[in-house]
Amino acid sequence: MPEPAPFDEAALVARARSGDDSAFGDLVNHYERRIFRLAKNITQNDEDAEDVLQESFMKAYGHLDTFHGNSKFYTWLVRIAVNEALMKLRKRKTDKTVSLDEQLDTGEDTLVREIAVWDDNPEQLYSQDEIREILDKAVASLEPIYSSVFQLRDVEELSTEETAEALNISVPAVKSRLLRARLQLREKLTRFFQRKGDDVFAYL
Amino acid sequence: MLTCKDFLRQVSEFLDGTCDQAMKRDLEKHVNECPNCWVVFDTTKKTLKVFKGMEPKELPSAIRDRLMNALTKKMAAKKCERSHQDSHEHSEAATS
């Protein structure tokens, strides 16, 4: 079987902009799952996430001529998707404006309740399907302002600056949300990953 | 002297290696002396490790089919629009 061609975002975008629909199709294939995951984490249901997925790619296709390549295509796409997802949330909660920029930080310190040592390779305690389920559920249980930052920074490994640009929030906001997201996830995963047979109190 | 609270506030930057040298030294000192903070540090590091690069799940095929249908329609509409524009331009060129 021939090796699949390496993914070259800039080249595909250039071809798509010049009217090559198959190049746009390749961009969709490459990013659809990530956009769906992000949309689902924000809207927290499949139906809204599907709408967001469709509307995002339709808008990206319709507005390709306004994309000037100052940022990465993916950052631009995430920005569209986040706007669409927030619109969904706004429709649901008509009494309240929703934005990823709102300050939900109460100034309360990041809480740490679980102090238990984990296994060295905790992911080996479970099958791949189980691990995926555990991780997906843990992220899904975070507030959207945390899960979106975490997904972009720590799962997809965008830089702090790219994450800030994609979510339209400041760099310090990315950092403080990332800290909270990481500590909350650590807390949620402890139940699954702590070393069995350990006396928790031995570490207090 | 760093407190555990200070340590927690910095643990994310400490893991990313983005804090300055003096802070890094203080954090290292604290994490080596405080068993609780060491556990938090180590388990947060492992949290990042399990998530890093996690591939998203395949799209359910029905969702994917509907996405492709919607896009194909939109692409066809755009093509149609373009060819209308072209023929309009041609006819304008022909009349001028």
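Okay, let's start with chain B: from the N terminus on, its elements run α-α-α-α. That comes to four helices and zero strands, where helices (H or I, at least four residues) and strands (E, at least two) are DSSP runs numbered from the N terminus. Before I go on, this is a predicted model, so local features need pLDDT of at least 70 and side-chain atom pairs count only at pLDDT 80 or more, while totals for chains, interfaces and linings use all residues. Residues are numbered from 1 along each chain as its sequence is written, and chains are lettered from A and ligands numbered from 1 in the order in which they are written.

Back to chain B. Of its 96 residues, 18% count as buried. Buried here is 20 or more other C-beta atoms within 10 Å of a residue's own, exposed is 12 or fewer, and partly exposed is in between, with C-beta atoms placed from the backbone.

So what does chain B do with chain A? 26 residues of chain B are in contact with 36 residues of chain A, contact being C-beta atoms, placed from the backbone, within 7 Å. On the chain B side, α1 (4-16), α3 (35-51) and α4 (61-95) each supply at least two residues. The most comes from α3(B), with 11 residues. By class, that side of chain B has 15 nonpolar, five polar and six charged residues. For the classes, Ala, Val, Leu, Ile, Met, Phe, Trp, Tyr, Cys and Pro are nonpolar, Asp, Glu, Lys and Arg are charged, and the others, Gly among them, are polar.

Leaving out residues up to four places away in sequence, B:K74 touches A:M58 and A:Y61. Is B:K74 buried or partly exposed? Partly exposed, because it has 16 other C-beta atoms within 10 Å.

Now over to chain A. The domain assignment, which is an automatic or database one, gives domain 1 (9-92) and domain 2 (122-203). Their C-alpha centres lie 24 Å apart. Across the boundary, 12 residues of domain 1 are in contact with 13 residues of domain 2. On the domain 1 side, α2 and α4 of chain A each supply at least two residues, and α2(A) gives the most, with five. That side has four nonpolar, four polar and four charged residues.

Let's look at a couple of helix pairs. Two packed helices are described by the angle between their axes and the distance between the axes. Axes here are lines fitted to C-alpha atoms, for helices over the stretch in contact, and angles run from 0 to 180 degrees between N-to-C directions.

Take α2 (residues 21-43) and α6 (residues 144-155) of chain A: they pack at about 160 degrees, with axes 8 Å apart. That makes α2(A) roughly antiparallel to α6(A); the cut-offs are under 35 degrees for roughly parallel, over 145 for roughly antiparallel, 65 to 115 for roughly perpendicular, and oblique for the rest. In this contact A:R37, A:L38, A:N41 and A:I42 from α2(A) meet A:P144, A:S147, A:S148 and A:Q151 from α6(A). Three of those residues are nonpolar, four polar and one charged.

Next pair: α3 (residues 46-62) of chain A and α4(A), whose axes come within 9 Å and cross at roughly 135 degrees. They are therefore oblique to each other. On the α3(A) side you'll find A:D48, A:D51, A:V52, A:E55, A:S56, A:K59 and A:A60, and on the α4(A) side A:L77, A:I80, A:A81, A:E84, A:A85 and A:K88. This contact divides into six nonpolar, one polar and six charged residues.

Back to α6(A), then. Why call it largely enclosed by the rest of the structure? Because 11 of its 12 residues are buried. What covers those buried residues includes α2, α4, α5 (128-140), α7 and α8 of chain A, together with α3 of chain B. Just after α6(A), A:E157 takes a positive phi of about 60 degrees.

And α7 (residues 160-167) of chain A to finish. Here A:T163, A:A164, A:E165, A:A166 and A:L167 are buried, and the buried residues of α7(A) pack against α4 (73-92), α6 and α8 (171-193) of chain A. After α7(A) comes A:N168, with a positive phi near 60 degrees.

Technical notes: Two residues are in contact if their C-beta atoms, placed from the backbone, lie within 7 Å.
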